[in-house]
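I opened a new notebook page for this structure.

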Amino acid sequence: MYNHTYKELITKLQVSQEDVDFFANMPFARPYIDNTSLYQPVPFVSRHDKGDLSDKFFNKAINSHDTIPRALAFMQRPGSLHSPPTDENGIDLSQGAENPFFITFCQIESGVNGYIDTAHGGVLAALFDETLGLCAESYRVFVSEEGGHLLTASLQVSYRSPVRTPSAVIIKTWMRRKEGRKWFLEAQLLDQDGLLKAEAKSLYIGLKSAL
Ligand SMILES: CCCCCCCCCCCCCCCC(=O)SCCNC(=O)CCNC(=O)[C@H](O)C(C)(C)COP(=O)(O)OP(=O)(O)OC[C@H]1O[C@@H](n2cnc3c(N)ncnc32)[C@H](O)[C@@H]1OP(=O)(O)O
């Protein structure tokens, strides 16, 4: 049983200034850090220990100096998105790879290797799922203002090129469309040079009752 909501967490928890400073030194992250009119840093809520048994994979198992020591999240400021433009198929035209709604930066170390100097694909899938999930939750809470927690029903990952370790990556996520309780999202994972490493499509389903 939870004693908090996502909105309470994202409002109450702090963004780590150390994480901001760490990524601010990297040219590929700086545009998002500088662009305070469009993006705002937000707490990566699953990296925080809430004093219960939730989020242990992200706040403990892969939160160490040799796994994923640093992670930083950004959300598009939702002000102008309350009635996002859509096409005849319900595709949200305000978002995409060039203007993602939710972004995370992650520093990836060799403790998550599969092959030598290469991040395990399962860990990359987890990074996609978490960032996509946070994107969907943030959109639900701040843009569409609907109730109903979201669970991952499906996640399809296409691995385009190995992710070397250690390295820093960006995961860009955006809402594609919504059909009733079904939320369809997409994502890209790129390296510091902007090379596409993996892509994902996911389906989240809004629960009929609380978690
Ligand atoms: C509380 C406070 C929290 C605060 C803090 C928040 C932190 C915020 C962090 C967010 C970040 C999290 C990111 C990680 C999130 C996980 O990791 S969740 C864990 C992994 N996922 C699971 O365990 C889910 C397991 N599956 C299930 O529980 C159920 O199958 C589901 C997904 C809830 C769906 O069940 P259901 O509601 O009974 O859905 P159902 O009526 O069968 O189907 C509804 C529709 O969806 C379609 N559908 C269902 N399943 C599928 C599928 N697998 N594929 C395709 N279509 C499907 C159906 O065909 C149907 O379509 P329509 O006929 O309506 O067109």
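**Entry 1: charged pairs**

I began with glutamate 199, which counts as partly exposed at 23% relative accessibility. My terms here: buried is under 20% relative accessible area, exposed is over 50%, and partly exposed is in between, with a 1.4 Å probe and protein chains only. I noted that this is a predicted model, where local features need pLDDT of at least 70, side-chain atom pairs count only at pLDDT 80 or more, and totals for chains, interfaces and linings use all residues. I also noted that residues are numbered from 1 along each chain as its sequence is written, and that side-chain values use heavy atoms, with hydrogens and water left out.

Which residue forms a salt bridge with glutamate 199? I found arginine 160, with the closest N and O atoms 2.8 Å apart. A salt bridge here means a side-chain nitrogen of Lys or Arg within 4 Å of a carboxyl oxygen of Asp or Glu. Glutamate 199 lies in strand 7 (residues 196–206) and arginine 160 in the loop between strand 4 and strand 5, so the pair ties together parts 39 residues apart in sequence. Helices (H or I, at least four residues) and strands (E, at least two) are DSSP runs, numbered from the N terminus. Arginine 160 counts as exposed, at 53% relative accessibility.

Next I looked up lysine 178. It forms a salt bridge with glutamate 146, and the closest N and O atoms are 3.3 Å apart. This pair links distant parts of the chain, 32 residues apart. Lysine 178 is in strand 5 (residues 167–179), while glutamate 146 is in the loop between helix 5 (121–144) and strand 4 (150–159). Lysine 178 is partly exposed, with a relative accessible area of 30%. Glutamate 146 is partly exposed too, with a relative accessible area of 30%.

I then checked lysine 182 and glutamate 179. Their side chains meet in a salt bridge, at 4.0 Å from N to O. Lysine 182 is partly exposed at 34%, and glutamate 179 is partly exposed at 36%. I also found a network: salt bridges that share partners join Glu18, Asp19 and Arg70. My count came to ten salt bridges.

**Entry 2: the ligand**

How many residues surround the ligand? I listed 18, and the closest are Thr152, Ala153, Arg181, Lys182 and Ile205. Helix 5 gives the largest share, five residues. Helix 1 (6–12), helix 5, strand 4 and strand 7 each supply at least two. By class I noted nine nonpolar, four polar and five charged residues.

Then I looked at polar contacts, which are pairs of N or O atoms within 3.5 Å. A side-chain N or O atom of lysine 182 is 2.8 Å from an oxygen atom of the ligand. A backbone N or O atom of alanine 153 lies 3.0 Å from a ligand nitrogen atom. A polar side-chain atom of aspartate 129 lies 3.3 Å from a ligand oxygen atom.

**Entry 3: glutamine 76**

Is glutamine 76 buried or exposed? I found it buried, at 7% relative accessibility. Glutamine 76 is in strand 2 (residues 70–76). A polar atom of the side chain of glutamine 76 lies 3.0 Å from the backbone oxygen of proline 100. The side chain of glutamine 76 also reaches the backbone oxygen of asparagine 99, at 3.4 Å.

Technical notes:
Near = heavy atom within 4 Å. Polar contact = N/O pair within 3.5 Å; in protein donor to acceptor, adjacent residues only side chain to side chain. Nonpolar A, V, L, I, M, F, W, Y, C, P; charged D, E, K, R; others polar.
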